[in-house]
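Please look over the sequence and the 3D model before reading on. The report below goes through the model by topic.

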Amino acid sequence: MKIAIGHFQFKINSKQELTPDEHIKTEVTLDKIIVEGGHPLKGQVNISGAKNAALPILISSLLTEGQNTFTNVPNLQDIKSTLTLLKHLGARVETHGHTVRIDCSNLGNHEAPYDLVRKMRASILVLGPLVAKLQKARVSLPGGCAIGARPINLHLKGLKHLGAAIELKHGYVEASAPNLRGDEIYLDTPTVTGTENLMMAAVMAQGQTILRNAAREPEIMALADVLNQMGAHISGAGTSVIKIKGVKSLHPVSTRIIPDRIETGTFMVAAAMTQGDIEILNCEPGHLSGLINRLRLTGADVTINGNIIRVKGHDLINSVDIKTMPYPGFPTDMQAQFMTLMSVANGLSLISERIFENRFMHVSELKRMGADIRVCGRSAVVQGVPNLSAAPVMASDLRASASLILAGLVAKGKTEVNRIYHLDRGYEAIEDKFRKLGAAIKRVA
Ligand code: EPU
């Protein structure tokens, strides 16, 4: 069942209007996922393109003139929201399966409105490229979300260093900069989207920009690679010091989105939990060393062969502590899933969340399924239990949704996961992929 909780329509520019299908509707799907536990996963699963790489890369097309072609783009709600936003700004967008073509030669708008930004925080990523390309941008402030306050002060501080005038008015960031100039910017925290926003702002600034304490996630490297293919001069991406020499203009590219490391990690944990034996295809094991290391300590067999990871789970799961950290540390986007694994491990584990201040929303739902977890500030103590028992549960955010499905895969009985629209934002056809691996899982309206 679907309900519309609001809708509105944009006129794009004189040349392009949204088709009736694309008239933007903010829809909340009330579908549920029903999972019956107790089926070990076996077989092979293909990994989709990375959501968090695709979002900034699709948005980087704002900087170019002409048609870009992106392949391996995952079919996700957040991607649809991004394309809707790009169309709103005046981009021509064509989608064929996992290939997306974007032409931003005729941008007619510099505003990202509240109704789009509130659906997807990553919309803030248009701020840097719009200022670089159009010398101005008006982007709704994203506000907090379920996992934390998530301020954008470092994005704004960086843009000011580059010479942008920034005002906050009526819930919007208004930025203008007739001439962006390179500068040295220190990020107090290595913010992922902040680093991406500033890289995209700086590529066409006059002179050199140096980002210090930059985020080092693979998605940053993927974006820098694409910007360099477009003609940018970026070095050091993947380290904490990124140097960007401004160029006059960028040209379109044809490029492939890297595999999703968090989707990969979610299937790895699923195999370990269900005493399964699966091969995960088309992934990038080099992006997952933090998780691979911890998963091996739990007793799972993890073997790597090129871009295939095989995970074999065993009866006994050892308890292992984790602390989420910026890359290459253990990813916060895998914390909920790993906690679910620990909830059926043998012994006590300590899970410390160091990135977001409120990313334990899944705990109360896991407890309803029989998990023994105590939260104290930004740490959780998990005492493994022999079994979880199925229950109706409510997803609170994307990764929490995935953790509840994992719990359902081992719980006795049928677990009903509600509010799975969170899941559709970031996992492509997850129930189909699990079903092909032998899980008893279905989506019901
Ligand atoms: N922070 C600030 N000021 C800023 C920006 C960030 O204080 O201006 C703080 C945040 O509050 C947080 C920390 O810095 O405590 C790190 O946040 P970051 O900015 O790195 O997060 P993000 O860029 O908003 C991206 C991913 C998240 C992922 C985090 C951390 C995208 C679109 N989103 O968010 O992905 O959890 O990095 O790795 O890339 C998800 O996919 O489920 C997801 C939430």
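What follows covers the basis of the model, its domains, its aromatic pairs, its salt bridges and some backbone details.

## Basis of the model

This is a predicted model, in which local features need pLDDT of at least 70 and side-chain atom pairs count only at pLDDT 80 or more, while totals for chains, interfaces and linings use all residues. Residues are numbered from 1 along each chain as its sequence is written, and side-chain values use heavy atoms, with hydrogens and water left out.

## Two domains

The chain is divided into domain 1 (18-48 + 260-444) and domain 2 (51-256); the bounds come from an automatic or database domain assignment. The C-alpha centres of domain 1 and domain 2 are 29 Å apart. Their contact (heavy atoms within 4.5 Å) takes 27 residues from domain 1 and 24 residues from domain 2.

Between them, domain 1 and domain 2 bury about 2100 Å², with 54% of it on carbon and sulfur atoms. Buried area here is the accessible area (1.4 Å probe) that two parts lose on being put together, summed over both. Two salt bridges are counted between domain 1 and domain 2. A salt bridge is a side-chain nitrogen of Lys or Arg within 4 Å of a carboxyl oxygen of Asp or Glu.

## Aromatic pairs

A pair of aromatic rings is described by the distance of the centres and the angle of the planes. Rings of Phe, Tyr and Trp (its six-membered ring) pair if their centres lie within 6.5 Å; planes under 30 degrees apart count as stacked, over 60 as edge-to-face and the rest as tilted. How many aromatic pairs does the structure hold? There are two aromatic pairs. F267 and F434 form a tilted pair, at 4.7 Å centre to centre and with 45° between the planes. F267 lies in helix α8 (residues 261-273) and F434 in helix α14 (residues 430-436), so this pair ties together parts that are 167 residues apart in sequence. Helices (H or I, at least four residues) and strands (E, at least two) are DSSP runs, numbered from the N terminus. F267 and F434 are both buried. Buried means under 20% relative accessible area, exposed over 50%, and partly exposed in between (1.4 Å probe, protein chains only).

F330 and F338 form an edge-to-face pair, with 5.4 Å centre to centre and 75° between the planes. F330 is buried, with a relative accessible area of 5%, and F338 is buried at 0%.

## Salt bridges

By the rule given above, the count comes to 20 salt bridges. One of the bridges joins R359 and D333, with the closest N and O atoms 2.7 Å apart. This pair links distant parts of the chain: R359 is in the loop between β21 (348-352) and α11 (362-368), and D333 is in the loop between β20 (322-323) and α10 (335-342), 26 residues apart. R359 is buried, with a relative accessible area of 7%, and D333 also counts as buried, at 15%.

R368 and E365 meet in a salt bridge through their side chains (3.8 Å, N to O). Both R368 and E365 lie in helix α11, three residues apart, which is about one turn of the helix. R368 is partly exposed at 45% relative accessibility, whereas E365 is buried at 13%. Another bridge joins the side chains of D424 and R443 (2.8 Å, N to O). D424 is in helix α13 (residues 421-426) and R443 in strand β26 (residues 440-444), 19 residues apart. E219 also forms a salt bridge with R261, where the closest N and O atoms are 2.8 Å apart.

## R138 and its surroundings

E111, R138, E167, K169 and E174 are linked in a network of salt bridges. R138 also lies over the face of Y172, at 3.9 Å from the ring centre. A charge sits over a ring if NZ of Lys or CZ of Arg is within 6 Å of the ring centre and within 35 degrees of the ring normal.

## Backbone details

A cis peptide bond joins Y327 and P328, with omega about 10°. P328 is in the loop between β20 and α10.

Q135, a residue other than glycine, has a positive phi near 65°. Q135 is in the loop between α4 (127-134) and β9 (136-140) and is partly exposed at 36% relative accessibility. H170 has a positive phi near 50° and is likewise not glycine. H170 lies in the loop between β10 (165-169) and β11 (172-176) and is exposed, with a relative accessible area of 73%.
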